[in-house]
Every structure is written in structure tokens, then in C-alpha cells.
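Dear colleague,

Here is the structure for you to look over. My notes follow below.

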Amino acid sequence: MRRIEIDGIPAMVGPTTGPMHAGLAFRVGQADETLARRGITHLVEHLALHTFGVADHHYNGTTTPEFTYFHTQGTADEIAAFLAGVCRSLRDLPMHRLDVEKELLRTERNGRQGGLGDSMALWRHGARDYGLTGYPEWGLPAIGPEELRAWVATYFTRGNAALWIAADDVPAGLTLDLPDGPSRPAPRPSSALPRTPAWFPGSSGTVVWDAVVPRQPASGVFTAVLERSLMRSLRQEQGLSYSVNTDYDPRTDGTALITAAADSLPEKRGAVLGGFLDVLAALRFGQVDEKDVATVIGHRVDELSQAEERGGRLPGQALNLVSGRPMEALEQILAEIRAVTPERLTEIAGQAWSTGLLMTPGGRSADWAGLAAAPTGSHAAVQGHAHPSLESKGARLVVGNDGVSIIEDTDVATVRFDQVSAMLAWPDGGRFLIGADGITLRVEPTLYGGSAAAIPHLDARVPAAARVNQPPRSPDNIPRPEPQAQAKARTGRSTGPIIMLAVFIPLMLVSCLLGSVSLITMNDPDPDVRSGSVFLLIFGLALTVGFGFGIVAAIRRLRAARQARRS
């Protein structure tokens with residue numbers, strides 16, 4: 001591989017044993033957006049590729065949290081025409097296609113299921129920078145031609161681009177006509193977690209864990225060793241999981257995100273969670289299989305050597321160029337990989353555990369493992385005018401000068417006006433606010449007494465850049481107060497654990513009394529007395545166990561309801 005410049009743009013060129021391929025990368029991605037304009041980079045990518053239509057050679061575009069790149073495979077002439085065409089399109093996007101491409105992006109999103117990493121990003125970062133991958137492209141309706149041109153002028157420039165070409169030489173006549181502009185560093189990852197390691201309850205049957213570690217070859221080796229350890233323990237030895245996988249995602253700030261996941265059946269979720277955490281504990285306490293380490297090192301060396309021959313390392317080197325990171329010589333990387341020891345992986349396991357975030361299966365708790373519960377609500381409510389709920393007794397909406405809060409029992413959800421990531425607004429007055437920390441609340445004038453009068457004040461306080469207007473809702477989609485009986489039932493769901501606990505404690509005392517009487521009379525010579533003692537003992541134990549399971553189920557329902565505040 002060698003580094004050159006083409007029209008002022010840094011490029012990596014290297015031979016390949018396969019077909020010629022090339023790509024143009026820009027240091028801009030989803031993490032650079034705001035939630036209120038989520039999707040703008042993806043929209044630029046689609047518009048820039050529209051002019052190529054159906055071609056005889058392969059081409060595509062990709063938008064990631066930190067990068068956007070356009071890549072193609074074909075002959076030298078096809079590659080030169082594609083790269084020059086992308087630059088022309090970026091200079092003059094086909095705005096007549098704007099509405100059509102927005103619909104295509106909506107269709108694409110509708111047909112793509114959200115990944116498990118989306119939930120992890122939301123809970124780790126909130127509704128900003130790297131957490132935006134966990135949200136729909138809500139900003140598309142508000143994006144117009146002028147905003148698109150400004151976005152392109154800021155990020156799709158000569159100083160913020162890099163090129164790779166997998167070929168013996170640069171295609172003849174290649175030109176890259178991009179406007180001048182400086183390089184743009186990636187944003188620093190934010191955190192919505194007061195403490196780590198942390199956990200939050202998931203709604204699926206999959207255990208997911210991610211962690212932030214130093215970006216280095218040893219961390220990649222650790223990720224692969226972790227996958228082998230999880231696979232051996234959860235699938236091969238215990239038969240608890242079918243699908244076990246890990247992922248290693250390097251970032252421009254010198255860190256990398258490790259993600260690991262394992263599926264489970266409903267009846268085995270607790271066992272999978274325990275087994276998953278056991279593997280993590282074993283690795284950080286030095287139980288690293290030396291054979292696993294040797295195998296992974298061998299595979300990594302072979303993969304990188306083969307990638308070098310195919311030109312497969314060129315895209316990564318181009319991304320290093322555009323993000324200002326140093327070039328990585330293959331010999332140096334291979335030497336660092338071969339030098340990895342089990343002791344080094346134990347250190348990385350400890351670092352990973354300290355920054356880890358766990359999604360438990362089926363709403364289970366992980367407090368017992370020493371992890372902190374990720375916040376599902378706010379610490380305090382704002383001061384302002386209270387509007388009583390028309391559904392739940394005691395619940396209220398508070399609209400003040402600093403923000404909005406919804407209070408129900410001991411639960412508080414607050415979004416401050418200076419921390420609004422986005423506000424979805426419907427013509428009927430409905431508002432959905434998302435705070436930078438990921439806390440959400442819905443303001444519906446139909447559900448809170450007198451709150452319609454507060455909507456103009458709310459609209460005036462939310463920054464205009466955070467507002468995303470929505471199309472009118474059908475009357476059937478506008479929420480209405482529930483009937484009184486349902487409202488009472490809804491209130492009962494949140495207070496159920498308290499009521500059951502109030503019943504459970506006296507019941508426990510009665511059961512203890514019955515048990516004491518039973519034990520005292522167990523040796524009575526009268527057989528009828530002894531039979532009655534056994535019956536009282538069994539009856540008391542059955543009541544205690546039954547109500548105990550009831551309390552656990554009620555607490556889980558309450559925890560799931562609180563989770564909705566965050567997600």
C-alpha cells in the first residue's frame with residue numbers, strides 16, 4: 001500500500017488479487033446529526049447515488065455513526081466515472097428527488113428490524129451523538145433543500161474526505177471535484193449512565209452486553225476469545241443458547257465498542273443470564289483458555305494477511321486517513337497480535353467489565369451481580385402549573401418555565417427545555433418530547449385537564465431546531481381518557497406491589513404463628529391434632545409462597561412500565 005494525493009484528497013492505493021474496487025469516504029455520520037434532523041446524512045447518500053440508476057457494475061453507499069462512504073467495483077473506467085459522478089452529485093444534489101427519496105428511506109426503515117445494538121446505544125448515550133442510531137429517522141420530514149446544501153457544504157468537502165483504490169495504479173483521468181473545507185473531528189461519545197457497570201431490563205429473550213475498551217489488536221483478540229468462551233459454555237456444554245456472537249467496533253477517539261449477545265428460550269432466560277455473567281467473571285479472574293488464545297491469534301493473522309492481498313485493508317486505512325489516525329503497517333499489527341497473552345486478556349476483561357452495560361432477558365434484574373440499574377426516570381420534577389390526569393388519580397402533568405414533567409406516584413419523567421433533543425408536534429396539540437438523556441414524555445391535551453392552554457407556552461420554550469411537525473392524526477389515533485374502571489385498574493398496576501406488600505407482611509406473621517403452633521402440637525398424642533398441625537403448616541407455607549410470587553410478578557410489571565419512560 002502507498003499513500004498519494006488526488007486533487008488534494010489523500011488516498012491509499014494498493015494491489016489486489018481480486019476485482020478492482022475503490023471508495024470515497026467522508027468523516028460524517030449519524031453521530032454528527034441531531035435527533036430532530038436524524039437521517040440527513042443518509043438522505044444525502046441516497047440523493048448522491050440517484051444519478052447512477054441501474055449500472056452494469058456494483059456500487060453502493062453506506063452511512064455509519066462516524067463515516068459515510070461510496071464504494072464500487074468494476075473496470076478502471078467504471079471506477080473513474082463513478083467517483084467523479086459522486087463528486088458532481090454532491091455539488092448539485094437532485095433536489096427534485098427529495099420527496100421520493102424520503103419515502104424510500106421510510107420504506108427501507110420499515111422493512112428493516114431494529115438491531116439489538118440500537119437499544120444499547122440509546123441506553124448508553126441517550127438521544128444524542130452515538131445514541132442516535134437507536135432512533136428512527138424522525139428528522140426527514142423537516143429537512144429541506146437549503147438544510148441539505150448546508151450539510152453537504154459542511155461535511156462533504158475536500159478536507160474531510162479520503163479515497164482508497166484497490167488496483168496496481170490510479171485509473172487514468174480520475175478527477176475528484178469537491179469544494180474546499182476543513183476536516184471535521186467526530187463528536188465525543190456522551191453517556192447517559194451515572195455509573196457503570198450497569199444494566200437495564202430488555203423485553204426480548206436475548207442477553208446483550210457491550211463495553212468500551214482501548215482500540216488495539218489485543219481488544220480484538222479478546223472479543224473473539226469471549227465469543228468462543230460463550231459458545232462453549234452456553235451452547236456446547238449447557239445447551240442454553242443457540243446463537244452466540246460478538247462484535248468489535250473501533251472508533252476514532254481511540255476506543256472500541258465490544259458487543260456480545262446470546263439468545264434463550266423463555267424458560268431458560270435466568271440460566272442464560274447467569275451463565276453469561278459467569279463467563280465474563282471467569283475471564284476477568286484469569287480463567288482464559290490458552291488454546292482459545294492461540295487459535296484466535298492464528299485466525300486473526302491469516303485473515304489480515306489475506307485481506308492485505310485482496311486490498312481488504314485499504315478501506316480501513318482510508319478511514320484512518322480521514323479521521324486523522326496514523327497508518328497501521330501490517331507487520332506491526334501482526335506483531336502486536338502475536339504478542340497477546342492470556343494475562344493481557346484478563347486485564348482487558350477487567351477494563352471491559354468496569355464500563356459494561358447489560359440488557360437482561362425478559363425484564364429480569366441484575367442487581368444481584370453488582371451492577372447498577374440504569375436510570376428509567378428523572379431525579380426531580382420542574383416547578384410550574386400542574387394539570388391533573390383524567391385517567392390516573394394523583395398523576396399530573398407539570399409545565400413550567402424550565403421544562404415539562406409527568407409525575408405518577410413516585411415516578412418522575414422530566415424533559416428540560418434546554419435539553420430537548422426533539423419534539424414531535426401534531427396539529428391537534430399532541431406533543432412527544434425526548435430529552436438528551438433519553439427520557440421521554442407524551443403531552444396529550446386530551447389526557448390532562450386544562451393542558452391545552454399550556455401547549456402554546458410549551459411550543460414557545462422548545463427551540464425551533466428541535467421541533468419536528470407531524471402530519472394530522474386520525475381521530476382514532478388521538479388518545480382519550482380510559483373508562484373509570486380501566487383507569488382504576490391502571491392506577492392499581494403501579495400501586496399493586498405496595499398493596500401486596502402490605503398484605504404479605506401480616507400474612508407472613510400469621511404463617512409464622514401457624515408454623516409455631518404446628519411445631520408445638522406436632523408431637524401431640526392425639527392423631528387428629530397432629531393432622532391439623534400438618535395442615536396448618538402446609539396452608540401457611542402455601543399462602544406465603546403464593547403471595548411471594550405475586551409480589552415478584554407485580555414488581556416486574558412495574559419495572560417494565562418504568563422502562564417505557566426511557567425507551
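Strands β8 (residues 207-214) and β11 (residues 357-360) pair in the antiparallel sense, over 3 bridges. V208 stands opposite M359 in β11. Helix α7 (residues 269-284) packs on the sheet and touches β8, β10 (255-262) and β11. The direction of α7 makes about 20 degrees with that of β8.

The sheet is open, with 6 strands and mixed pairing. Its order is β9-β10-β8-β11-β7-β12. β9 (244-250) and β12 (372-373) stand at the edges. Each has a single partner strand, so one side of each is left without a neighbour in the sheet.

Next, helix α3 (residues 98-110). Its 13 residues should span 18 Å at 1.5 Å a residue, and the end C-alpha atoms are 18 Å apart, which agrees. L98, E101, K102 and L105 are buried in α3. Seen down the helix axis, the buried residues fall within an arc of 105 degrees, so they line one face of α3. They pack against α1 (40-50) and α5 (145-155). On the other side of α3, D99, R106, T107 and N110 are exposed.

A word on confidence: this is a predicted model. The protein chain averages a pLDDT of 88, and 83% of the residues score at least 70. Confidence is highest in helix α11 (residues 342-354), at a mean of 98, and lowest in helix α13 (residues 484-521), at 51. Over residues 485-497 the pLDDT is below 50. That stretch has 15 contacts in the model beyond near neighbours in sequence. Residues 560-564 are also below 50, with 9 such contacts. Where pLDDT is low, the predicted coordinates should not be read in detail.

Best wishes

Technical notes. Residues are numbered from 1 along each chain as its sequence is written. This is a predicted model: local features need pLDDT of at least 70, side-chain atom pairs count only at pLDDT 80 or more; totals for chains, interfaces and linings use all residues. Side-chain values use heavy atoms; hydrogens and water are left out. pLDDT is the predictor's confidence in each residue, from 0 to 100. Helices (H or I, at least four residues) and strands (E, at least two) are DSSP runs, numbered from the N terminus. Contact means heavy atoms within 4.5 Å. Two strands pair if DSSP finds at least two bridges between them. Axes are lines fitted to C-alpha atoms, for helices over the stretch in contact, and angles run from 0 to 180 degrees between N-to-C directions. The expected span of a helix is 1.5 Å times one less than its number of residues. Buried means under 20% relative accessible area, exposed over 50%, partly exposed in between (1.4 Å probe, protein chains only). The arc is that of the directions from the helix axis to the C-beta atoms.
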